[in-house]
Amino acid sequence: MDKKNNADTQNTMYIPANNTIIVGANDTVAPKSPDEILKYVYNAMVEKNYDPILQLTWYLVTGEPTYITNNKNARVLISTVDRDVILNLLLNNYFNK
């Protein structure tokens, strides 16, 4: 049985074996830095009316990817960044205001 996803391919992002991020037609530029990825994931959660602060907090605490929406493949994208890198980014931004 074919297990292909029926999701709208315009909002689909694929990460092939060479780790090149390809986004769908609705996204003009693929986020590359951890900062860009975090903002992209945040916006994907806002778009689905989730509380991004709460969802990201629990993702960072538990490592459970289901706290991140699949909208715009945000879950796949955030998994390309280590959680310790995200925490480092957040703490640096907070304390270096």
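Reader: A salt bridge is a side-chain nitrogen of Lys or Arg within 4 Å of a carboxyl oxygen of Asp or Glu. How many salt bridges does a search of the whole structure find?

Author: The search finds two salt bridges. This is a predicted model, in which local features need pLDDT of at least 70 and side-chain atom pairs count only at pLDDT 80 or more, while totals for chains, interfaces and linings use all residues. Residues are numbered from 1 along each chain as its sequence is written, and side-chain values use heavy atoms, with hydrogens and water left out.

Reader: Which side chain meets Lys72 in a salt bridge?

Author: That of Glu47, at 3.5 Å from N to O. The pair links distant parts of the chain, 25 residues apart: Glu47 is in helix H1, and Lys72 is in the loop between helix H2 (52-62) and helix H3 (74-78). Helices here are DSSP runs of H or I with at least four residues, strands are runs of E with at least two, and both are numbered from the N terminus.

Reader: Is Lys72 buried or exposed?

Author: Lys72 counts as buried because its relative accessibility is 19%. The cut-offs are under 20% relative accessible area for buried, over 50% for exposed, and partly exposed in between, with a 1.4 Å probe and protein chains only.

Reader: What about the salt bridge of Asp35, which residue is the partner?

Author: Lys39, with 3.3 Å from N to O. Asp35 and Lys39 are about one helical turn apart, because four residues separate them in helix H1 (residues 34-47). Asp35 has 28% relative accessibility and so counts as partly exposed.

Reader: And why can such side chains pair at all?

Author: Side chains of opposite charge can pair because their charged atoms come close.

Reader: Where does Ile68 lie?

Author: Ile68 is in the loop between H2 and H3. With 0% relative accessibility, Ile68 counts as buried.

Reader: What is Ile68 in contact with?

Author: Leaving aside neighbours within four places in sequence, Ile68 is in contact with Val41, Met45, Gln55, Leu56, Tyr59, Ala74, Arg75 and Ile78. Contact means heavy atoms within 4.5 Å. Met45 is 23 residues from Ile68 along the chain, and their C-alpha atoms are separated by 7.5 Å.

Reader: Which residues of the largest nonpolar core touch the most other members?

Author: Of its 16 residues, they are Leu38, Val41, Leu56, Tyr59, Ile68, Ile78 and Ile86. H1, H2, H3 and helix H4 (83-95) each supply at least two residues of this core. H1 gives the most, with six residues. A nonpolar core is a set of buried Ala, Val, Leu, Ile, Met, Phe, Trp, Tyr and Cys residues joined through side-chain atoms within 4.5 Å.

Reader: What does Leu38 touch?

Author: Not counting residues up to four places away in sequence, Leu38 touches Leu56, Ile78, Ile86, Leu89 and Leu90.

Reader: Changing topic. Which residues form a nonpolar patch on the surface?

Author: Tyr42, Val46 and Ile53, with about 260 Å² of accessible area together. Patches are made of residues with over 30% relative accessible area and no salt bridge, where like charges are joined within 9 Å and nonpolar side chains (Val, Leu, Ile, Met, Phe, Trp, Tyr) within 5 Å. Accessible areas come from the Shrake-Rupley method with a 1.4 Å probe, and for residues only the protein chains shown count as cover. Val46 is in helix H1 and counts as partly exposed, at 40% relative accessibility.

Reader: How many helices and strands are in the protein chain?

Author: There are four helices and zero strands, in the pattern α-α-α-α along the sequence. Of the 97 residues, 30% count as buried.

Reader: What is the mean pLDDT of the protein chain?

Author: The mean is 80, and 69% of the residues reach 70 or more. Over residues 1-18 the pLDDT is below 50, and this stretch has 28 contacts in the model beyond near neighbours in sequence. pLDDT is the predictor's confidence in each residue, from 0 to 100. Where pLDDT is low, the predicted coordinates should not be read in detail. Among the elements of the chain, H2 has the highest mean pLDDT (97) and H3 the lowest (94).
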